[in-house]
Amino acid sequence: MTLEEVRREIDAIDSQLLPLFLKRMDCAGQVAEIKREQNLPVLNSAREQEILDSMAQRADRYAGEARMLYATLMDMSRAIQHNLLGSGRELRELMENAEPAPVKTDRIACLGVNGSFSHEAVKGLYPQAEPLFFDNFAAIFDAVAGGEADLGVLPVENSSAGSVSEVYDLILKYRFYIVAAETLQIHNCLAVPEGTQMEDVRTAYSHPQPIAQCSNFIAEHHLQTVPCSATAAAAQKVAQERQPGTAAICSEPAAQEYGLQILAKDIQNSSNNCTRFIAISRRMFIPQGANKISLCFSLPHRTGTLHGVLARFAAAGLNLTKIESRPIAGKTFEYDFYLDFTGNVLEPHTLDLIAALSDELPRFSFLGNYLEQE
């Protein structure tokens with residue numbers, strides 16, 4: 001057969017498949033009504049597994065492909081059932097009652113001291129706020145949890161050094177809401193006490209993230225590195241102790257804040273070096289024009305479950321911008337998944353998907369719908 005003849009045969013098969021597919025999806029609606037009357041859950045894992053095993057066995061050499069096809073069909077069928085049954089009622093009610101903005105933003109917890117990159121992020125998001133400085137991420141979450149701070153601002157990922165794993169672990173531990181986000185261009189410099197020459201520098205102090213961001217410069221100049229709680233804290237330490245041969249990798253404002261001389265500017269590996277910061281809150285706030293959604297969940301140990309969940313985002317036309325997996329404390333090789341995606345919960349198809357997942361997935365938490373500043 002020629003290619004054109006095979007394509008005509010495929011077209012003929014597809015013309016038969018589509019009506020059957022539509023009929024199958026209509027059946028999902030009928031199933032939803034029966035489940036409503038009998039108060040049955042949407043997800044029946046045992047039946048789905050039975051169908052998948054049967055289809056894989058009957059498909060012989062296309063067993064894997066058949067399993068994926070029918071898993072997708074059942075995912076879509078469940079999505080229709082969830083929508084018709086109005087799943088996620090508690091979550092929908094929570095979103096309907098969400099306020100557009102925090103009432104108080106006077107006290108914002110962040111990492112470091114005056115001049116840190118986190119301080120710059122606070123000034124960008126909440127210019128009138130008083131920053132409350134802490135020397136570790138856990139203390140920021142504790143300050144928000146205890147009411148000492150109205151909000152907390154933390155870095156979550158860098159375009160060069162990747163995710164800040166500790167922050168994601170704390171997000172999944174506390175399940176606070178994300179209420180704002182912004183991305184800052186990060187320009188690192190090498191700052192020293194007045195009079196220090198480049199050839200004298202042997203040791204550089206900084207936070208582990210900028211150390212990773214500036215690894216090429218550090219290697220080129222054979223510098224030893226010492227981790228600090230924040231870049232501005234490193235600048236403060238170098239300025240106060242004035243130890244010979246020491247420098248700080250920090251921002252220019254931090255160097256100026258502590259009276260250090262800048263020996264080299266823009267020492268990061270990438271010219272497009274960005275860090276994404278988020279603001280966390282104990283309460284949910286959904287601002288007008290919110291464009292980013294975050295949530296987390298775990299998954300049952302079954303083949304294809306992650307693929308099935310992610311496929312539902314694609315079916316809803318939602319663009320995933322971040323996926324992070326973190327081990328669940330006290331469990332053996334079990335993970336929570338953290339997702340960011342573009343969208344607004346006022347869009348019905350977006351809300352329907354989130355509501356369905358909230359009913360279906362273990363350890364599910366909606367973490368916020370917020371405005372991301374670029």
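I am working from a predicted model, where local features need pLDDT of at least 70, side-chain atom pairs count only at pLDDT 80 or more, and totals for chains, interfaces and linings use all residues. I number residues from 1 along each chain as its sequence is written, and side-chain values use heavy atoms, with hydrogens and water left out.

Terms, for my own use. On a 1 Å grid over the protein atoms alone, a pocket is an open set of points with protein on both sides within 12 Å along at least five of seven lines. A cavity is a set of points where a 1.4 Å probe fits but cannot get out. Lining residues have an atom within 4 Å of a point. Helices (H or I, at least four residues) and strands (E, at least two) are DSSP runs, numbered from the N terminus. A volume is the space filled by probe spheres set on the points, which are joined across faces, edges and corners.

**Largest pocket**

I read about 450 Å³ of space here. Of the 25 lining residues, A71, R302, T303, G304 and T305 are closest to the centre. Two or more lining residues come from each of α2 (45-59), α3 (63-85) and α12 (305-315). I sorted the lining by class: 10 nonpolar, eight polar and seven charged residues. Here Ala, Val, Leu, Ile, Met, Phe, Trp, Tyr, Cys and Pro count as nonpolar, Asp, Glu, Lys and Arg as charged, and the others, Gly among them, as polar.

**Second largest pocket**

I read about 310 Å³ for this pocket. It has 14 lining residues, with V31, K35, R47, S77 and Q81 closest to the centre. The elements giving two or more residues are α1, α2 and α3. α1 gives the most, with five residues. I count by class six nonpolar, three polar and five charged residues.

**Cavity**

I searched the whole structure and found one cavity of 30 Å³ or more. The largest cavity has a volume of about 180 Å³. Its lining holds 15 residues, and F117, P155, H207, P210 and F277 lie nearest the centre. α5 (117-125), α8 (208-213) and β11 (274-281) each give two or more residues to this lining. α8 gives the most, with three.
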